[in-house]
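Dear colleague,

I am passing on a structure for you to look at, and below it you will find my notes on what came out of it. Please read them with the structure open beside you.

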Amino acid sequence: MVPELPEVETIARGLAHAVAGKTIATVTVTLPRVVVAPPGETFATALVGETVVSVGRRGKYVVFALASGRRLAVHLRMTGRLVVQAPGYVEPYPHTHVVMGLSDGSRLSFADARTFGRMRLLAAGDPWDADGGVEPLSEGFTSDAFVSMLDGRRTPIKTFLLDQTRIAGIGNIYACEALWEAGIRPSRPAHKISKPARRRLHGAIRNVLHRSIEARGTSVDDYVDAEGLKGGFQNQLAVYGRLGEPCPRCGKPIVRTVIGQRGTWWCRGCQQ
Ligand SMILES: [Zn+2]
C-alpha cells in the first residue's frame, strides 16, 4: 500500500520530533535515481550545512522545511521509509539509498526495498505543489466547497476522491471507508450525488482521516511510522480489505469490485 494522508502525517510528526533543529552534516547518495532533482552530487552538496526547521506533510509527501527556505519533499510510494537511527547505531538500515548524518551523531536514512520512492530538493518558493488539490483537513475544504467540486463531474465518485489534483492525500483505503461511512455507492457518477449526500461525504472524509491520525494510521501491509511502529486503524476499517465479512452497519457481506482499475470494497446493502 502507498501511505495516505494519515500515515504520512504520522511519519512527519515522528520525524519532526526526531530531527527538527538538527543540522545535516553529511549526505551520501548510493542510488542516484531516487533523487529526482537536483542531480546527485549537487543534491548532497546543497544539503550539507542545512538545518531542519520543521517536518510537515503536503498530500502524500513528507516535506522537510530547511533554514535556507529550501524544502526537501519525499514521496514514499510503496515501500519507502524515513528512519532515524540514534547516535552510535552503526548497522545501516536495510535497503538504504540516501543517508544524512545529523549534527548530534544520529542518522536519517531513506530506505526503500522496491525503490519507487523519490526525493526532491526544492528551491525557496518553488511552486512544486501548485497543481495539488485542496488539503482535506484544512479550513479551505469546506462543506460548500466540496458540494461545488462535484458539479459537472461525471467520473465515479471513488475515482474522483483519488484524484490528487482535486483533493490531496486520499488513497484507496480512505476513499472506500469515507464512501461507506456516508452510505454512497462508489461507482456513482459524482455529479449525480445529492447535495445532502455530498455534505455527508464531506463530513465522513474528515472524520475518517481524523480518526486514523488518532490511531497513527493503517498498517494493512508493511507501513510503519518514523519510530518503526505499526498504526492501529486497521482494527477500525469497516470495508477496506474485508471481502465477504459482514457490514458493520447492515450485516450484508462486503463485496469487492474494480472501479478505475482499483480494487474497491463496499456494501451493496447500505451504499446506494
Ligand atoms: Zn451495509
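The centres of domain 1 and domain 2, taken over C-alpha atoms, are separated by 29 Å; the two domains span 5-122 and 143-266, with bounds that come from an automatic or database domain assignment. Please keep in mind that this is a predicted model, in which local features need pLDDT of at least 70 and side-chain atom pairs count only at pLDDT 80 or more, while totals for chains, interfaces and linings use all residues. Residues are numbered from 1 along each chain as its sequence is written, and side-chain values use heavy atoms, with hydrogens and water left out.

Between domain 1 and domain 2, about 1,400 Å² is buried, and carbon and sulfur atoms give 64% of that area (buried area is the accessible area, with a 1.4 Å probe, that two parts lose on being put together, summed over both). On the side of domain 1, the residues that lose the most area to domain 2 are Pro6, Glu7 and Thr10, which together make up 36% of what that side buries.

There is also a zinc ion, coordinated by the SG atoms of Cys247, Cys250, Cys267 and Cys270 at 2.2 to 2.4 Å, where donors are N, O and S atoms within 2.8 Å of the metal (3.2 Å for Na, K and Ca), and sites may look incomplete because water is not among the atoms. Along the chain, these donors follow the spacing C-x2-C-x16-C-x2-C. Cys250 is partly exposed at 36% relative accessibility, whereas Cys267 is buried at 0% (buried means under 20% relative accessible area, exposed over 50%, and partly exposed in between, with a 1.4 Å probe and protein chains only).

Best wishes
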